[in-house]
Amino acid sequence: MSGRALFRQPRRKRRGAALSLVFAGAITAGAVTGSLPDTAQARRLDANARSTEGIQATGRPRPEDVRRAAAEAMAKGESPTEAAEQAVSRSGDRWAAVYSEDEYQEFRDALDGEYTGVGLWAKRARDGQVTVSRVRSGSPAADAGIREGDRLRSVDGREVDGRPVTEVVSLLRGDAEDAAAGTPVTVGIQRGADSWSRTLHRARLSTDPVTVSDPVAGVVVVRVSAFTKGSAKAVRTAVRRAPAGSGVVLDLRGNSGGLVTEAVATASCFLDGGLVATYDVDGAQRALHAASGGDTARPLVTLVDGGTMSAAELLTGALQDRGRAVVIGSRTFGKGSVQMPTALPDGSVAELTVGHYRTPSGHAVDGRGITPDLDAGEGALKRAETVLTGLGDPREPLTAP
């Protein structure tokens, strides 16, 4: 599994992007669309798909229209899910998506911190080679002796060089076959001059979205790869355990979002109450607030990049606008829309856009993203360490780490 990808990618063609905002609890439990936040892989319906009567290209489908299209198809003995997909496609809502009942349940499970896989994270180098960036302890990959830094050459006989990491992860998980725990997958590995193959058996694993490290004295790095259930609690624990006087780097690079309630609770770790974001649902204005009692004294830097999306952008915007953190990196993705689920007659679920959120200062994120205070590429973490430890002027030219 890729470090950025906690959730399964939809198998059918459909319009929709990788992760939707999920207002579980605060609004309602929703789904996370797709395992992998690579919008270049966001899927569209065939342009020649038949029209669905009564759906207008408004840019935002109405739940009642989508339900009606599904019900009419069901009455004719046709697929209600496909009819709903076509309705969503015609609306022009780029973030909306339709899921089967099983897919929707799987996405909910993923938000609860579970997934089916082999327990490895992958990344692709500029030359197209795919390497193992991390291995989960106790996972099938770890038990097979696979290590960080190993080159991943093939999955079930298919060479992976040059493939997007999203596709490689999909092969490892067996998305196309709806592979369950216990099913085999054969991986080709290279370590130095040695090459071999291992057959792993997929397992039901828990996600580990929060990791903590202390690369230099006086700096604690808290990396959050996604906002699944319990993420905020893990961040709060890490901050409380950080040595007195140390600064915190909140690394949200590649964080594709997840549960907005967890993102707001994470903001509460660093704020003493106050506004986190505003949003609208069908024109009605609402707000999200941090809880009181957060650590407001500890120096904080937030790292972001083009893979920082959705709920992660909401958190970044709150910390930046409230003057709580220095944001370092590159412009974030720009996914600031709110989706809510609509149940369909056959048990499938349509997630439809109902509004957009703004940062405390009123900044609209959707399509724009968040601009960091300091631009940095590969040297972002080094720059963050410099800012926190006071070893130099953060506005000096960035050098490679």
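Me: Why is Phe333 called partly exposed?
Reply: Buried means under 20% relative accessible area, exposed means over 50%, and partly exposed is the range in between (1.4 Å probe, protein chains only). Phe333 has a relative accessible area of 27%, so the residue is partly exposed. This is a predicted model: local features need pLDDT of at least 70 and side-chain atom pairs count only at pLDDT 80 or more, while totals for chains, interfaces and linings use all residues. Residues are numbered from 1 along each chain as its sequence is written, and side-chain values use heavy atoms, with hydrogens and water left out.

Me: Why is the pair of Tyr99 and Tyr104 classed as it is?
Reply: The ring centres of Tyr99 and Tyr104 are 6.4 Å apart and their planes are at 40°, so the pair is tilted. Tyr99 is buried, at 0% relative accessible area, and Tyr104 is buried as well, at 10%.

Me: How do you know that the charged end of Lys335 sits over the ring of Trp95?
Reply: A charge sits over a ring if NZ of Lys or CZ of Arg is within 6 Å of the ring centre and within 35 degrees of the ring normal. The charged end of Lys335 is 5.1 Å from the centre of the Trp95 ring and counts as sitting over that ring. The charged end of Arg134 also sits over a ring, that of Trp121, 4.2 Å from its centre.

Me: What makes the span of helix 1 close to the expected one?
Reply: The expected span is 1.5 Å times one less than the number of residues in the helix. Helix 1 (residues 63-75) has 13 residues and reaches 18 Å from its first C-alpha to its last, close to the expected 18 Å.

Me: Which residues of helix 1 are buried, and why are they said to line one face?
Reply: The buried residues of helix 1 are Asp65, Val66, Ala69, Ala70 and Ala73. Seen down the axis, they fall within an arc of 135°, so they line one face of helix 1. The arc is that of the directions from the helix axis to the C-beta atoms. The buried residues of helix 1 pack against helix 2 (80-91) and strand 18 (349-358).

Me: Why are the buried residues of helix 6 placed on the same side?
Reply: In helix 6 (residues 231-241), Ser231, Ala232, Val235, Ala238 and Val239 are buried. Their arc around the axis is only 125°, which puts them on the same side of helix 6. The face turned away from that buried side carries the exposed residues Lys233, Arg240 and Arg241.

Me: Why is Thr316 called buried, and which residues does Thr316 touch?
Reply: Thr316 is in helix 8, and its relative accessible area is 0%, so the residue is buried. Contact means heavy atoms within 4.5 Å. Not counting residues up to four places away in sequence, Thr316 touches Leu252, Thr302, Val304, Thr308, Val327 and Ile370.

Me: What stands out about the phi of Ser310?
Reply: Most residues other than glycine have a negative phi. Ser310 has a positive phi of about 55° although it is not a glycine. Ser310 is found in the loop between strand 15 (300-304) and helix 8 (311-321), and at 0% relative accessibility it counts as buried.

Note on methods
Helices (H or I, at least four residues) and strands (E, at least two) are DSSP runs, numbered from the N terminus. Rings of Phe, Tyr and Trp (its six-membered ring) pair if their centres lie within 6.5 Å; planes under 30 degrees apart count as stacked, over 60 as edge-to-face and the rest as tilted.
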